[in-house]
Structures are given as C-alpha cells and as structure tokens.
Amino acid sequence: QGISVSHTLWLEDTNITNIAYSNSDRAKHFGLILRSLDYGDVENRDASGVLLGYYNPLDMNLMANLGYRITPVNYIGINAGILYEKLNTASSYGFVSDFGYTYLPPLAGTQVSLAVRNIGYTAKMNEERIDLPLSVEADFSHTINFQNSQIMWGVSIIQASDEDLKEAVSAEFTYHEILALRAGYKNNYAAEDLSAGIGVKIKQFSVDYGWAAFNSQLNDIHSFGISYNF
C-alpha cells in the first residue's frame, strides 16, 4: 500500500496538486487519485475594462483504478472518475474513463501495453460542451538488471483525435533501490521536449523531483512529490 502527494509548478501561475492512494496484492490493484489544477487569481473586468475583482478558476478530477492479473502474463485495468470545472460563476461536470491492457512477453523484463484514454462526457458550460481528447496509446519497455542496479528504457506512441502522431522515449537508472535518475524526450508535441528527474528512497519514504522544458516562450515546469509505502 502507498500514499503519495505531489505538487507541480505548471505554466505561468498555475499549479497542479495530486493526492493518491494505492493498494496492490500483485493479483489485483485498487487506487484513488484526486487531481486539482489551480489557475491562480484572474482579473474580472466589466465591458469598459473596470476591475470588478478577482476569481479563481479550478479544475478537479477524482479517479479510481481497478487492475487485475488475468494470467501471469496478462493484465487489464480500468480508470473511471468524475470531472469538475469552475470559471467565475459558471461550472461544469463530466465523467471520464480509460481502459488498458498489458502483456509480459517471454523476454524477461519486457512489457507491452495498450490503452484507450479519455472516454467520457462533459456537461455544457455557457451553452458550450468541451470534447474530451480521446487517445490511443502504445508503450514498450524493457528492464535490464545487473548487480544491485537496473536500467529501464521505454518507447511510447500516442494518437489523439484530430492531432498528429506523438512519440516519447524515457529511461530510468536505479541504484540499490535507493537512488533513481530519470530522463525523457517528447517528439511532435506543441511545446514539450526534454524532461529529467531524480528520486530518493529512504526506508518506506520516497522523495521525487521532476523537471520538464517547455519551448514557445513558456516557463519550465518543476514537480515535487513524496510517497509513503506500508
């Protein structure tokens, strides 16, 4: 079992906070995560430009996960949850789900996954409804163990509706299950490319830091997280 909290300093004055719980017995998994995207204070002005005050837009998502090991090499999982968005005096809600399948090939340390994400529905806000970005994703990863260390590398392909094909590569080096160094690169994204991170595990606690570079004159992103496993 594990509990984790992370906070991300996202674009401009926006912040993302995640609180998650995970429970697994290696045959099945149950998890909960609450995500909150805070846009900070936004000016509220009338038609003539006079400042009336400030409001705080907010996006929230509560998601549950169920995963099952069908056979030693076949796994399935589903995420399902609710969405909530507030803009000044207007608000909206929605429902979203993801479906995933993972296969472990005969080659030790190899994993292949397929997922369909963002299947759902949103209510109208000010007579407009936002379509969720439906996507199909494929992931391949391989882990190499040597002495007291391991290297994991992976390749991801994402096809979202009405968007070009996107790719990503990632790698993680773990030493004595204490120190983890991570790096990644995204291709064909509008503003994202390089990312890197570090994690330290001390007994039952894990502390993580992540950095992601944004181009197009956007600021870099920093993420901090702490987890407790019991």
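User: Starting with E192, is that residue buried, exposed or partly exposed?
Analyst: This is a predicted model. E192 has a relative accessibility of 25%, so the residue counts as partly exposed.

User: Which side chain does E192 meet in a salt bridge?
Analyst: The side chain of K186, at 2.8 Å from N to O. K186 counts as partly exposed too, at 29% relative accessibility.

User: How many salt bridges are there in the whole structure?
Analyst: A search finds 7. Among them, E172 and R182 meet at 2.6 Å, N to O. E172 sits in strand β12 and R182 in strand β13, so this pair ties together parts that are 10 residues apart in sequence.

User: What else forms a salt bridge with R182?
Analyst: D208 does, with the closest N and O atoms 3.0 Å apart. D208 lies in strand β15 and R182 in strand β13, so here the parts tied together are 26 residues apart in sequence.

User: Now D59. Where is that?
Analyst: D59 is in strand β6, which covers residues 58–71.

User: Is D59 buried or exposed, and how far away is the nearest side chain of opposite charge?
Analyst: D59 is buried and has no salt bridge; the nearest side chain of opposite charge is K86, 9.3 Å away.

User: Which side chain makes a polar contact with D59?
Analyst: The side chain of Y39, at 2.7 Å.

Definitions and conventions. Residues numbered from 1 in each chain as written. Predicted model: local features only at pLDDT ≥ 70, side-chain atom pairs only at ≥ 80, totals over all residues. Heavy atoms only, no water. Helix = DSSP H or I, 4+ residues; strand = E, 2+ residues; numbered from the N terminus. Buried < 20%, exposed > 50% of the residue type's maximum accessible area, 1.4 Å probe, protein only. Lys, Arg positive; Asp, Glu negative; His and termini not counted. Salt bridge = Lys/Arg side-chain N within 4 Å of Asp/Glu carboxyl O. Polar contact = N/O pair within 3.5 Å; in protein donor to acceptor, adjacent residues only side chain to side chain.
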